[in-house]
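Subject: A structure to look through

Dear colleague,

I am handing over a structure for you to look through, and below it you will find what turned up in it. Please keep the structure open while you read, and look up each residue as it is named.

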Amino acid sequence: MSRINLHYSKVIIFDLVIQLNYTNVFQISKLKSLLLNINSSNALDLVNSNLSLFLISNQIASYSFKIHQNPLSKNLDITSFVHLKQDSCFKFLDFLIFFIYPNIQKFKGFNFNSLNKQGEFSIKLNSLLVFPQLSENYLQFNRLDHLNIHLYFSKHSALENWLILRGFQFPVVS
């Protein structure tokens with residue numbers, strides 16, 4: 001069990017029961033899964049994006065592609081993605097909060113508007129080179145587009161999910 005998962009089960013749940021006036025812990029929202037994806041436009045970028053997702057998450061990436069309707073356009077929209085669940089989700093979140101975000105220059109945190117109406121949280125990292133696993137091979141990964149990170153919760157309550165993120169010590173601004 002990762003330390004952030006342990007913190008969730010020992011501290012955050014009980015704080016939320018008190019803050020939200022719930023009668024039991026099963027009413028609290030949970031972090032269900034985390035989705036990482038990178039968009040690519042050609043086969044070489046697909047290989048590099050799959051490799052980068054593997055190095056970041058330690059799981060094999062899948063991909064989907066969409067061909068443009070315009071016959072003159074030869075571009076493809078290829079999306080590589082990794083779906084993290086349970087303990088691997090918490091391990092990645094721990095790594096992101098305590099190792100990646102403190103190393104991003106001029107980063108102040110996220111605001112409440114980063115949550116959508118369903119209570120899902122989406123983040124866009126413009127540079128993949130903030131990950132130490134990728135910065136060692138700068139020439140291979142510098143052409144890749146941004147990384148999208150989506151956090152999915154069991155309940156669609158934006159306020160409750162926001163309080164969970166604050167409990168994780170996620171870099172949020174009020």
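Leaving aside its neighbours within four places in sequence, Ser2 is in contact with Asp87, Phe90 and Lys91. Please bear in mind, here and throughout, that this is a predicted model. Ser2 belongs to the segment before α1, and with a relative accessible area of 7% it is buried. Although Ser2 and Leu93 are 91 residues apart along the chain, their C-alpha atoms are separated by 9.8 Å.

The next residue to look at is Arg3, which forms a salt bridge with Asp94, where the closest N and O atoms are 3.0 Å apart. Because Arg3 lies in helix α1 (residues 3-19) and Asp94 in helix α3 (residues 86-100), this pair ties together parts that are 91 residues apart in sequence. Asp94 has a relative accessibility of 11%, and since buried means under 20%, Asp94 counts as buried. Arg3 also lies over the face of Phe98, at 4.8 Å from the ring centre.

**The other salt bridges**

How many salt bridges are there by the rule used here? The count comes to three, and the general idea behind them is that side chains of opposite charge can pair when their charged atoms come close.

Besides the pair of Arg3 and Asp94, a salt bridge joins the side chains of Asp87 and Lys91, at 3.5 Å from N to O. Both Asp87 and Lys91 are in helix α3, where they lie four residues apart, about one turn of the helix. Asp87 counts as partly exposed, at 24% relative accessibility.

Another salt bridge brings together the side chains of Lys155 and Glu160, with 3.2 Å from N to O. Lys155 counts as partly exposed at 28% relative accessibility, whereas Glu160, at 2%, counts as buried.

**Helix α6 and what covers it**

Glu160 leads on to helix α6 (residues 158-167), whose buried residues are Glu160, Asn161, Trp162, Leu163, Ile164 and Leu165. What covers these buried residues includes α1, β4 and β5. Just after α6, Gln169 takes a positive phi of about 65 degrees.

Asn161, which is found in helix α6, deserves a look of its own. Is Asn161 buried or exposed? Asn161 is buried, with a relative accessible area of 0%. Its side chain makes a polar contact with the side chain of Ser29 at 2.9 Å, and the side chain of Asn161 also reaches the backbone oxygen of Lys155 at 3.1 Å. When its neighbours within four places in sequence are left aside, Asn161 is in contact with Ser29, Leu115, Gly119, Phe153 and Lys155.

Strand β4 has a covered face made of Phe121, Ile123 and Leu125, and an uncovered one made of Ser122 and Lys124.

**The aromatic rings**

The structure holds eight aromatic pairs, and I describe a few of them here. Phe95 and Phe99 form a tilted pair, with 5.7 Å from centre to centre and 35 degrees between the planes. These two residues both lie in helix α3, four residues apart, about one turn of the helix. Phe99 counts as partly exposed, at 44% relative accessibility.

Phe95 also pairs with Phe131, and this pair is stacked, with 6.3 Å from centre to centre and 25 degrees between the planes. Since Phe95 lies in helix α3 and Phe131 in the loop between β4 and α4 (132-135), the pair ties together parts that are 36 residues apart in sequence. Phe131 is buried, with a relative accessible area of 0%.

Conventions: Residues are numbered from 1 along each chain as its sequence is written. This is a predicted model: local features need pLDDT of at least 70, side-chain atom pairs count only at pLDDT 80 or more; totals for chains, interfaces and linings use all residues. Side-chain values use heavy atoms; hydrogens and water are left out. A salt bridge is a side-chain nitrogen of Lys or Arg within 4 Å of a carboxyl oxygen of Asp or Glu. Buried means under 20% relative accessible area, exposed over 50%, partly exposed in between (1.4 Å probe, protein chains only). Contact means heavy atoms within 4.5 Å. A polar contact is a pair of N or O atoms within 3.5 Å; within protein, one must be able to donate a hydrogen and the other to accept it, and residues adjacent in sequence count only if both atoms are side-chain atoms. Rings of Phe, Tyr and Trp (its six-membered ring) pair if their centres lie within 6.5 Å; planes under 30 degrees apart count as stacked, over 60 as edge-to-face and the rest as tilted. A charge sits over a ring if NZ of Lys or CZ of Arg is within 6 Å of the ring centre and within 35 degrees of the ring normal.
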